[in-house]
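Reader: I am new to this structure and would like to understand the terms used for it. Could you take me through them, setting each one against its definition?

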Amino acid sequence: MKYSWSFHPAEYRLTENESFYSEKMRHGWELQKRGVYLSRFVKAEPRDMLYRLEIDSVEPTDEKLALYEECGWEPVLRRGIVNIYRAPAGAGTPELYTDTEGQLRSVKRLLRGHIIDLALSVAILGALGLLLLMGRLRTGDFVSRIVTKTVLMPELPVFYTAGLIFAVASELMAIVHLSRIIRDIKRGGEPDHSPRVHKPWGARLLMLVWALCLVTLVLQLTLHKKVEMPEASDGPYITLSELGFEGERTGILGSEPDCTVSRDWSPLCGTVETRETVEHGEDWVSLDQHIYDLRVPGMAEAFAKALIATSATDRDIEDYRELTVPGWDRVYASYMDCVAVRGDRVVRLYMLAPRGEGLESYVPEILGLIGGRGGEK
Amino acid sequence: MGERGPMTEAMYYVLLALTEPDHGYGVMGRIRELTKGRVVMGPGTLYGLLTKLRREGYILLSEEDNRRKTYLITEKGKGALMDEYRRLKRLVEDGEVLEHEI
């Protein structure tokens, strides 16, 4: 069996769907299945058939189907509230609806559904907006979390935003379109069952964006690499031995050694994250480095602020002191956390320094060593 | 139905056709016959009307055989149909002045 798939017009374009399916049948493609955006066709003998869409939330009864069939209307399929019938063209088959009330019923039902959907989409958008606003009013934490997540996994917000924009836009278009049909029917106009079919660009664009998001996501997941940290640095990061801590590698609080380097790719940045702990006398010294090489210029400052607001230790910019380190544009350091900017590179450091010392005293040396070392873009 | 104002043309003909028991497809044929092909009723329109008229007690189910149901007008339906017939007749009588004017 030979199949083909095509984007069909949106369901609210009732008569455009009818022309669309008739045209397909005329070219030897018989409608077999209707999905949300796509219809499946099977190769068949070309025939001149009329297709009709009927919107009804109630499944047609046997009596109704028998009556339709006796009149020449063969049921093709039902998907959700859409029922599709067809009849041979030119056989004098009477239209399904010959009265204004009946013609209006399908349209009004669709219109009601679209008004509810629009209200829902707007409510979701509104709730999101409110959450963002509340997040900003409180600590800025929520917004910053979105910023950091967006840099690291941009396909997720793109996926959601594209879907929401498409939902609101298509609901609005549906409401305008259906209101016009209702006005025309009430003015006594007969529905035109073979109008020009508009290409469903919106749905195609959404599918393209979603497909790109999916490809990027798969790419990100497959490009993620996590390895045990080599003796000497093989990337933009430094090892604790370069700072003079030559102790045995271990895990935090003396657990199993847990010294790793992970590399991630995202369309907006390349990331290297390290974790290293070494023994230091009776104690431990530990350093985590997150090195982000941003691909979009001018984003570094904002991203650094977002990193501070989502810090695991100090989230208030007041807890940070601004330091001057040669070669670096901005350096903010608190007792355990440091965020620094150099061009499009943003670095975050968490350090458990030897007892009595803060991270701050090591920042100039660490940043001096990292500098512009081998980017991961 | 008198209290609800004029009947739609479709309702009038369905009630008229069901003065004798018939099923949906039969009703369509009978309407076409009665109006000499002037009124052709679509199956969607007819099915919607049959459901509504039955729910409101103007017609009843007189026989059921698998997929086909046979309907018949009720006393209430007959009353409404007669009211509408008389109303239409008065309308035509009133319009007779036109005959003399032309």
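Reader: What makes helix 1 of chain A a helix that lies across strand 2 and strand 3 of chain A?

Author: In this predicted model, helix 1 (residues 14–26) of chain A lies across strand 2 and strand 3 of chain A, at about 135° to strand 2 of chain A. Contact here asks for C-beta atoms, placed from the backbone, within 7 Å, and the angle, on a scale from 0 to 180 degrees between N-to-C directions, uses axes fitted to C-alpha atoms, for helices over the stretch in contact. Helices (H or I, at least four residues) and strands (E, at least two) are DSSP runs numbered from the N terminus. Residues are numbered from 1 along each chain as written, while chains are lettered from A and ligands numbered from 1 in the order of writing. Local features need pLDDT of at least 70 and side-chain atom pairs count only at pLDDT 80 or more, whereas totals for chains, interfaces and linings use all residues.

Reader: Why are strand 1 and strand 2 of chain A said to stand at the edges?

Author: The three strands form an open sheet in the order 1-3-2 (chain A), with antiparallel pairing. Strand 1 (3–7) and strand 2 (29–34) of chain A each have a single partner strand, so one side of each is left without a neighbour in the sheet.

Reader: What makes strand 1 and strand 3 of chain B a pair?

Author: Two bridges join strand 1 of chain B to strand 3 of chain B, and the two run antiparallel; B:His23 stands opposite B:Thr70 in strand 3 of chain B. The open sheet of chain B, with three strands, has the order 1-3-2 and antiparallel pairing. Strand 1 (22–23) and strand 2 (59–65) of chain B stand at its edges, since each has a single partner strand. Helix 3 of chain B lies across strand 2 and strand 3 of chain B, at about 115° to strand 2 of chain B.

Reader: Why is a set of 49 residues called a nonpolar core?

Author: The name is given to a set of buried Ala, Val, Leu, Ile, Met, Phe, Trp, Tyr and Cys residues joined through C-beta atoms within 7 Å; a residue is buried if 20 or more other C-beta atoms, placed from the backbone, lie within 10 Å of its own, exposed if 12 or fewer, and partly exposed in between. Of the 49 residues in the largest such core, those touching the most other members include A:Leu178, B:Val14 and B:Val27. Helix 1 (residues 9–17) of chain B gives the most to this core, with six residues. B:Val27 touches B:Val14, B:Ala17, B:Leu18, B:Asp22 and B:Leu46, not counting residues up to four places away in sequence.

Reader: How many residues of each chain does the contact between chain B and chain A take?

Author: The contact takes 16 residues from chain B and 18 residues from chain A. On the side of chain B that touches chain A, helix 3 of chain B gives the most, with six residues.

Definitions and conventions:
Two residues are in contact if their C-beta atoms, placed from the backbone, lie within 7 Å. Two strands pair if DSSP finds at least two bridges between them.
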